[in-house]
Amino acid sequence: MNEPEHTSQPMFPDDKQTGEMHGYMCKVDFECELGFAEGGNTVYPSVENLKERRKCTPQCGIVKVAVRCLEVVQAEKYTDE
Ligand SMILES: [Zn+2]
């Protein structure tokens, strides 16, 4: 059995044309903090998952976002050879 080819594209992108994955974020995280998000901001796979994990959404709001790999900065390395 052949190893799957490693690419920078997700195996099942939401948009096959662009290779984008779609997700959901707290609207305030997206608007105000993405550029200043030391430690990162979370993108959730569904509105339900976002609402479950983030109790701020009734106040902050929700945005749908697209995530796309622009460049592999450091490739994966699973074994020491
Ligand atoms: Zn929020």
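Reader: Which pattern does the chain follow when it is read along the sequence?

Author: In this predicted model, the order of elements along the sequence is β-α-α-α-β, and the chain accordingly holds 3 helices and 2 strands.

Reader: What radius of gyration does the chain have, and what would a compact globule of 81 residues have?

Author: The chain has a radius of gyration of 16 Å, whereas a compact globule of 81 residues would have one near 12 Å. Taken along the principal axes, the box filled by the C-alpha atoms of the chain is roughly 50 × 25 × 20 Å.

Reader: How many of the 81 residues, as a percentage, count as buried?

Author: In this chain 5% of the 81 residues count as buried. As for contacts with a separation of 6 or more, 53% of those in the chain are accounted for by residues 24 or more positions apart.

Reader: Where is Tyr 44 found, and why does Tyr 44 count as partly exposed?

Author: Tyr 44 lies in the loop between α1 (27-33) and α2 (47-53). A residue is buried if 20 or more other C-beta atoms lie within 10 Å of its own, and exposed if 12 or fewer do; Tyr 44 counts as partly exposed because it has 18 C-beta neighbours inside 10 Å.

Reader: Which residues does Tyr 44 touch, not counting those up to four places away in sequence?

Author: With those left out, Tyr 44 touches Gly 23, Tyr 24 and Met 25, and also Asn 49, Leu 50 and Arg 53. Val 28 is 16 residues from Tyr 44 in sequence, and the two are 14 Å apart in space, C-alpha to C-alpha.

Key:
Residues are numbered from 1 along each chain as its sequence is written. This is a predicted model: local features need pLDDT of at least 70, side-chain atom pairs count only at pLDDT 80 or more; totals for chains, interfaces and linings use all residues. Helices (H or I, at least four residues) and strands (E, at least two) are DSSP runs, numbered from the N terminus. The radius of gyration is taken over C-alpha atoms; the globule rule is 2.2 Å times the number of residues to the power 0.38. Two residues are in contact if their C-beta atoms, placed from the backbone, lie within 7 Å.
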